[in-house]
Amino acid sequence: MLETPPRHPPVPPPSRKKTRLTDKVIALVNIPLDWLEERSGLVGGVKYFLFRKVPSDINWFHTLGSATLTAFLVQAGTGVILAMYYQPSPDEAYESIRHITDEVTLGWLVRGMHRWGASVFIILMFFHMARVFLFGAYKYPRELNWIIGILLLVSGMLEGFTGYLLPWDQTAYWATVVGINLNGTGPFVGPLLAQFLRGGDEITGETLTRFYAIHMLLLPGAIFALIGLHLYLVVRLGVSSPPWSPEAAGRDRYEPEPRGPGLVRPTARGRVAR
Amino acid sequence: MEPQGEEHNAHHPSPSIWPIGFAVGVACLLVGVIVSRPATIAGAVIAVVFGFLWARDAMAAARHPTEPPVGSEPLPVDGELEDEEIANRYPRNKFLELTTLGLGGVITGIVALPVIGFAVLPAFTNQEYEGVDLGPTDNFPENEWREATFLLEPAQGEVSRRTAFVRYNGQGEDDLPSYTIISNRCVHLGCPVQASGPRNDDEAKTVKTEQAELRVTPILPANYSCPCHGGAYDTEGNRIAGPPVRAMDRYKFGIIDGHLHLLEPYSVGSVEGEGADAKLTAYGLQGPGEHVDGLEAWLYPIQPQDLR
């Protein structure tokens, strides 16, 4: 026996004289957004994600996380394009890299972005981590987000390790020899881990394809998932204040009313009221 | 913040001796890892037993022991239950929940296990070492070093190029030929070790065997040294400087139809003496950086080749 919610009073028809061009434009933008919101709630969700309360005294250091995310998205985007030209076989890999760098239009640029962007990504991760550490932003209730951040750091460095082999030149080969053997010196499981990474007793073409698959399928998926969790916790817990702030860090998110939908409030008839 | 009296105290577990035993076990295990295997096992056993007892203690404290209310009747046996009560004891949704989880687990296992096996096992199976034909023994005159580079697996191309330093020591005591054959893989982290000394490229020979482009170059090494991290070895392969943890690996050899063949490589603890008279402690092949003797050798109990 549910109580029927009271209907909204009918909206009086707007007088035509007052309809101006800007209103028309706004309506034109809002109609598809309202359509989407009514069926998915996505517009409200995006608003909830983006228009959050943040402490009034945050500064530029708080942008390092977004910068890291941007660097990762650059890596993902350029990586997809590079994968269209790169061939992960021992006979073709070096030649295809040369082809990308020397012959494909703007290939030098995209490969350069990916190559230098990798360092940028790692460096920004460390800067972001330093900010979180020095501001004490890892403290309660954000410990879990620190742990997820560490997993992201490890995944990012594994991306660097696996990506380094792909050019398949002398630097790549010997760096990977040393890197895998470093893993091999780990106690107890080290030798088995090294064997798994090599895909056998020796570094061969199978090592290359293995690193390629890990580099472009396994780790990016893991990183995207971890970034999702990372951001979820940021939105849930809010941005922490700097240490010198008079505002308390880690306050509950202020929610005045039970949250309504985003831009618009859909009604039963499909009519929208503001 | 005032403590909340009884309620505050209620969460403290009662004093327990088990954590102390657990700590002793862990300490014993960690010491044992370095010192001896039996101590490791004993420590592990102590830690597991006391850890279990501790956990059981903690669980018991967490559970609220509820006395059965005075005068409550014992549960009736099945026959006396009403249908509804039977239905409540074995609720259908509980059954469906468990079967869904169970079947889902079985299906996941059936799908995932072969995939995981496919990802992991090929690295550990079919890794037989085939041996390398280094060409006629004439190429290796007595008491002279030769650097032989060859393709371990010609199908893999340059990436499988390996180098061995070969010296024929003449006939040994038992009239069998003696060779010192040292792998150039640095036992620090696997970089290519070079001969420090003159190198006669003019007299290098290209020998036709199955190993495409086998090259044999005369060298006169004072010692061997590694470009990566400064490891250095004497001509018998003993470490003389830098980070390596043992002597250089060697190859077993055989002579088949007048050709010198490299057989399986093996690891060496240290070498005493020289040439045909050298006495060495041989171990199964280990990865670079792994100790073969001393206490640190306990850190590497399982080698990939043990699993074949």
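Me: What makes B:Asp257 count as exposed in this predicted model?
Reply: B:Asp257 has 7 C-beta neighbours inside 10 Å. A residue is exposed if 12 or fewer other C-beta atoms lie within that distance, so B:Asp257 counts as exposed.

Me: Which residue of chain A has a positive phi although it is not a glycine, and why is it called partly exposed?
Reply: That residue is A:Phe188, with a phi of about 70 degrees. A:Phe188 belongs to the loop between helix 7 and helix 8 of chain A. It has 13 C-beta neighbours inside 10 Å. Exposed requires 12 or fewer and buried requires 20 or more, so A:Phe188 counts as partly exposed.

Me: Why is A:Ile214 called partly exposed?
Reply: A:Ile214 has 18 other C-beta atoms within 10 Å. The cut-off for buried is 20 or more and that for exposed is 12 or fewer; A:Ile214 is therefore partly exposed.

Me: Where is A:Ile214 found, and which residues does it touch beyond four places away in sequence?
Reply: A:Ile214 is part of helix 9 (residues 205-237) of chain A. Leaving out residues up to four places away in sequence, A:Ile214 touches A:Thr162 and A:Leu219. A:Ile214 and A:Glu159 are 55 residues apart in sequence, with their C-alpha atoms 8.0 Å apart in space.

Me: How many residues does each chain give to the contact of chain A with chain B, and what is the make-up of the side of chain A?
Reply: Chain A gives 26 residues and chain B gives 24 residues. On the side of chain A, helix 7 and helix 8 (190-198) each supply at least two residues. By class, that side has 13 nonpolar, 9 polar and 4 charged residues.

Me: Which members of the largest nonpolar core touch the most other members, and which strands supply at least two residues each?
Reply: The largest nonpolar core has 32 residues, of which B:Ala164, B:Val166, B:Ile181 and B:Leu262 touch the most other members. The strands of chain B that each supply at least two residues include strand 1 (132-136), strand 3 (161-171) and strand 12 (259-272). B:Ala164 has contacts beyond four places in sequence, among them B:Ala148, B:Tyr251 and B:Leu262. A second, separate core of 12 residues includes A:Val110, A:Leu165, A:Leu166 and A:Met216.

Me: What makes B:Asp306 count as exposed, and where does it lie?
Reply: B:Asp306 has 11 other C-beta atoms within 10 Å. The cut-off for exposed is 12 or fewer, so B:Asp306 is exposed. B:Asp306 lies in the segment after strand 13 (279-283) of chain B. The C-alpha atoms of B:Asp306 and B:Gly284 are separated by 9.7 Å, and these residues are 22 apart along the chain.

Me: Which peptide bond is cis, and where is A:Pro141 found?
Reply: The bond from A:Tyr140 to A:Pro141 is cis, with omega near 5 degrees. A:Pro141 sits in the loop between helix 5 (107-134) and helix 6 of chain A.

Methods. Residues numbered from 1 in each chain as written. Chains lettered and ligands numbered in written order. Predicted model: local features only at pLDDT ≥ 70, side-chain atom pairs only at ≥ 80, totals over all residues. Contact = placed C-beta atoms within 7 Å. Helix = DSSP H or I, 4+ residues; strand = E, 2+ residues; numbered from the N terminus. Nonpolar A, V, L, I, M, F, W, Y, C, P; charged D, E, K, R; others polar. Core = buried A, V, L, I, M, F, W, Y, C linked by C-beta atoms within 7 Å.
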